[in-house]
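Notebook open, viewer open. I'm jotting down what I look up as I go.

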Amino acid sequence: MSTPVCPICESSEVLVHSDHYECLTCGHEWPKESLADEPAADRVVKDAYGHVLANGDVVAMIKDLKLKGSSQTLKIGTKSNAIRLGDGDHEISCKMDGLAIGLKACFVKKVNA
Ligand SMILES: [Zn+2]
């Protein structure tokens with residue numbers, strides 16, 4: 001965390017409010033910038049049909065998917081255990097057929113456990 005500095009007079013005598021800053025020198029007020037450090041947990045992951053997925057959901061394959069680096073194929077309809085959402089390319093971490101794998105959300109649909 002860096003100390004906020006007034007963009008008008010460059011004073012560092014700044015009052016921090018819950019959603020904005022206030023300069024004690026010139027009285028200028030400006031909003032807090034929160035875009036840069038938005039937590040990844042707020043990311044919305046949707047399945048192939050646009051349903052929002054959450055940690056603990058169960059998903060099923062909507063198409064056969066050959067696993068990279070193995071001869072195994074996940075068959076359409078294969079269900080996962082409770083999923084965990086993460087960052088990156090493969091948003092879903094889960095187990096299918098006893099294998100710990102990362103999946104892209106576009107290959108699965110949410111099922112009612
Ligand atoms: Zn100021």
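Predicted model: local features only at pLDDT ≥ 70, side-chain atom pairs only at ≥ 80, totals over all residues.

**Entry 1: the metal site**

What spacing do the donors of the zinc ion follow along the chain? I read it off as C-x2-C-x13-C-x2-C.

I then looked up the donor atoms themselves. The zinc ion is held by the SG atoms of Cys6, Cys9, Cys23 and Cys26, at 2.2 to 2.4 Å. The angles among the four donor atoms run from 105 to 120°, and the site is tetrahedral. For reference, the ideal angle for four tetrahedral donors is 109.5 degrees.

Cysteine 9 is in the segment before strand 1 (14–16), while cysteine 26 is in the loop between strand 2 (20–23) and strand 3 (29–31). The two are 17 residues apart, so I'm noting the pair as a link between distant parts of the chain.

Are cysteine 9 and cysteine 26 buried, exposed or something in between? Cysteine 9 has 33% relative accessibility, so it goes down as partly exposed. Cysteine 26 comes out at 40% and is partly exposed too.

I traced an open sheet of three strands here, in the order 1-2-3 and with antiparallel pairing. Strand 1 and strand 3 are the edge strands, each pairing on one side only. From one strand to the next, the twist averages 25°.

Strand 1 and strand 2 are joined antiparallel over three bridges. I followed one of them: valine 14 has cysteine 23 of strand 2 as its bridge partner. Cys23 is also one of the zinc donors.

I went through the pairing of strand 10 with strand 11. Five bridges join these antiparallel strands. Cysteine 94 is bridged to isoleucine 101 in strand 11, and methionine 96 to leucine 99 in strand 11. The two strands form a hairpin with two residues between them, and aspartate 97 in the turn has a positive phi of about 55°.

**Entry 2: the cores**

Which residues have the most contacts inside the largest nonpolar core? I noted Leu53, Met61, Ile92, Met96, Leu103 and Val108, in a core of 16 residues. Strand 6 (58–61), strand 10 (92–96) and strand 11 (99–103) each supply at least two residues of this core. Strand 10 gives the largest share, with three residues.

Another core lies apart from this one; it has five residues, including Cys6, Val14, Tyr21 and Trp30.

Beyond its neighbours within four places in sequence, leucine 53 is in contact with residues including Val45, Val59, Ile83, Leu85, Ile92, Ala105 and Val108. Its contacts also include Lys46, Asp47 and Lys110.

**Entry 3: the whole chain**

Of its 113 residues, 27% count as buried. Among contacts between residues at least 6 apart in sequence, 36% join residues at least 24 apart.

Terms used:
Residues numbered from 1 in each chain as written. Heavy atoms only, no water. Core = buried A, V, L, I, M, F, W, Y, C linked by side-chain atoms within 4.5 Å. Buried < 20%, exposed > 50% of the residue type's maximum accessible area, 1.4 Å probe, protein only. Helix = DSSP H or I, 4+ residues; strand = E, 2+ residues; numbered from the N terminus. Contact = heavy atoms within 4.5 Å. Donors = N, O, S within 2.8 Å, 3.2 Å for Na, K, Ca; no water. Tetrahedral: all angles 85-135°; square planar, octahedral: opposite > 155°, others 65-115°. Pairing = 2+ DSSP bridges. Axes fitted to C-alpha atoms, helices over the stretch in contact; angles between N-to-C directions.
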